[in-house]
Amino acid sequence: MGSLAVQITWLLVLSIPVACVAWTVTHEEVFREPRDYCKSQSENGLTLARRKFFYLFTCEYCFSHYVAALFLAVTRYHLLYADWRGYLIAWFSLVFISNLYMGAFGIVKLGVKKERVEIQHIETDVRRKTNQLGMEEEDLTKPAA
């Protein structure tokens with residue numbers, strides 16, 4: 001077991017790929033079709049177990065628990081204790097920090113999307129006004145009938 005500073009550093013760094021995987025699977029376009037299928041099954045599955053199983057792939061919070069467990073199994077990271085308690089604390093800590101990262105990323109992504117929509121709106125207004133001015137200039141240059 002390393003010092004507490006090393007363990008916390010591992011926690012903060014290991015939470016990044018957990019957040020990345022959980023966000024990508026549950027939000028990004030590359031997994032849209034499987035996610036749509038999972039969403040359909042989570043809403044229309046015949047059994048409770050089927051609905052809950054497929055729901056896990058549509059919720060970043062739920063899915064992050066499984067991703068964190070996978071990363072713990074691969075890295076053998078533990079926090080505070082060298083036994084099973086350390087893995088349990090590490091698991092919930094990874095989930096918590098990765099969800100903080102995903103929340104922050106969601107806010108940033110929403111801000112970027114808002115800016116893009118505002119820019120698109122401004123560009124549309126400029127094009128419309130330019131077209132109106134162009135038509136008014138044409139009307140002025142036409143000979144009177």
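**Loop, patch and ring pairs**

Guide: The loop between helix H4 (60–75) and helix H5 (84–141) contains Leu 80. Helices are DSSP runs of H or I with at least four residues, strands are runs of E with at least two, and both are numbered from the N terminus. The model is predicted, local features need pLDDT of at least 70, side-chain atom pairs count only at pLDDT 80 or more, and totals for chains, interfaces and linings use all residues. Residues are numbered from 1 along each chain as its sequence is written, and side-chain values use heavy atoms, with hydrogens and water left out.

Visitor: Why is Leu 80 called partly exposed?

Guide: Buried means under 20% relative accessible area and exposed over 50%, with partly exposed in between (1.4 Å probe, protein chains only). Leu 80 has 44% relative accessibility, so the residue counts as partly exposed.

Visitor: Which residues form a nonpolar patch with Leu 80?

Guide: Leu 4, Ile 8, Leu 12 and Tyr 81 form the surface patch with Leu 80, and their accessible area together is about 420 Å². Tyr 81 also has Arg 85 over the face of its ring, at 4.0 Å from the ring centre. For such a placement, NZ of Lys or CZ of Arg must be within 6 Å of the ring centre and within 35 degrees of the ring normal.

Visitor: What makes Trp 23 and Phe 105 an edge-to-face pair?

Guide: The structure holds six aromatic pairs. Rings of Phe, Tyr and Trp (its six-membered ring) pair if their centres lie within 6.5 Å; planes under 30 degrees apart count as stacked, over 60 as edge-to-face and the rest as tilted. The centres of Trp 23 and Phe 105 are 5.2 Å apart and the planes stand at 90 degrees, so this pair is edge-to-face.

Visitor: How do you know which parts this pair ties together?

Guide: Trp 23 is in helix H1 (residues 4–27) and Phe 105 in helix H5, so the pair ties together parts that are 82 residues apart in sequence. Trp 23 is buried, because its relative accessible area is 12%, whereas Phe 105, at 40%, is partly exposed.

Visitor: Why is the pair of Trp 91 and Phe 92 called tilted?

Guide: The angle between their planes is 40 degrees, with 4.8 Å centre to centre, so the pair falls in the tilted class. Trp 91, at 25% relative accessibility, counts as partly exposed, and Phe 92, at 43%, is partly exposed too.

Visitor: Which residues do ring pairs link into a cluster?

Guide: Tyr 37, Phe 53, Phe 54, Phe 57 and Phe 63 make up the cluster.

Terms used:
Patches are made of residues with over 30% relative accessible area and no salt bridge: like charges are joined within 9 Å, nonpolar side chains (Val, Leu, Ile, Met, Phe, Trp, Tyr) within 5 Å. Accessible areas come from the Shrake-Rupley method with a 1.4 Å probe; for residues, only the protein chains shown count as cover. A salt bridge is a side-chain nitrogen of Lys or Arg within 4 Å of a carboxyl oxygen of Asp or Glu.
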